[in-house]
Amino acid sequence: METCKLCFRKFRPKSLYTYTHKALICEKCMKRFKPKFIRFKTEGIKGLSIFNYDEFMRDLIYKFKGCFDYELGKVFIDMYKNELSFEYMGYTMIPAPSYQEDNETRGFNHVVEIFKPLRLKMAEAFEKTYKFKQAEHNSKSRKNISKYIKLNENVSLPKRVLLVDDIYTTGATIQTMISLLKSRGIKDIKVLVLCKTTLEEN
């Protein structure tokens, strides 16, 4: 018997997936995940969004990130990790930066934990120098985040980079990271985000 990390009920594996993998969630909770695998481009760079930013994903990310439910980090991409690891084989993941004090408060970097199951190399090459909460800004003012993202000059950058983030809204964070990497001569860049949404101008 396993314990579901979402509903906490005991369950027995039933599907081929849960027989061949150590199941983290029950069949009922598994059906709540509705991957879209949306391809998009930003700054000329190819990106992939696994989910739409719907109510279920919003609540789940809040429980993980806002309520410090560390165990949920293993759940988000567990069902797709083999396919994604194969697609991005040879790339080094660089996560979108999180403000250091926030990481210390929750005890982990949420973006790192979400994508850790891919088991790709990871380099935390960016820093956020100010506690800029994008949820508190409209789409226009979110562009200001570029002022607060810094590339760590002491980090040795890989030639093939996979930028990862939890939520893609205006794209300001990812676009800033792309620009900074290009300024250092990095050309082979791809983007993978957990969720993508579009904010209306307000």
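Student: Which residues of α7 are buried?
Tutor: This is a predicted model: local features need pLDDT of at least 70, side-chain atom pairs count only at pLDDT 80 or more, and totals for chains, interfaces and linings use all residues. Residues are numbered from 1 along each chain as its sequence is written, and side-chain values use heavy atoms, with hydrogens and water left out. Buried means under 20% relative accessible area, exposed over 50%, and partly exposed in between (1.4 Å probe, protein chains only). In α7, the buried residues are Ala 172, Thr 173, Ile 174, Gln 175, Thr 176, Met 177, Ile 178 and Leu 181.

Student: What distance does helix α7 reach from its first C-alpha to its last?
Tutor: Helices are DSSP runs (H or I, at least four residues), strands are E runs of at least two, and both are numbered from the N terminus. Helix α7 covers residues 172-183, twelve residues. The expected span is 1.5 Å times one less than the number of residues.

Student: Which residue just after α7 takes a positive phi?
Tutor: Look just past the end of α7. The phi there is about 85 degrees, and the residue is Gly 185.

Student: How many salt bridges does the structure hold?
Tutor: Side chains of opposite charge can pair when their charged atoms come close. A salt bridge here is a side-chain nitrogen of Lys or Arg within 4 Å of a carboxyl oxygen of Asp or Glu. The structure's count is eight.

Student: How many residues apart are Glu 71 and Lys 5?
Tutor: Glu 71 forms a salt bridge with Lys 5, with the closest N and O atoms 2.7 Å apart. Glu 71 sits in the loop between α3 (55-66) and α4 (81-87), and Lys 5 in the loop between β1 (2-3) and β2 (10-11). The pair links distant parts of the chain, 66 residues apart.

Student: Which parts does the salt bridge of Arg 39 and Glu 87 tie together?
Tutor: The closest N and O atoms of Arg 39 and Glu 87 are 2.7 Å apart. Arg 39 lies in a strand and Glu 87 in a helix, so the pair ties together parts 48 residues apart in sequence: strand β3 (residues 38-42) and helix α4.

Student: Is Asp 78 buried or exposed?
Tutor: The side chains of Asp 78 and Lys 81 meet in a salt bridge, 3.0 Å from N to O. Lys 81 is partly exposed at 23% relative accessibility. Asp 78 has a relative accessible area of 9%, so Asp 78 is buried.
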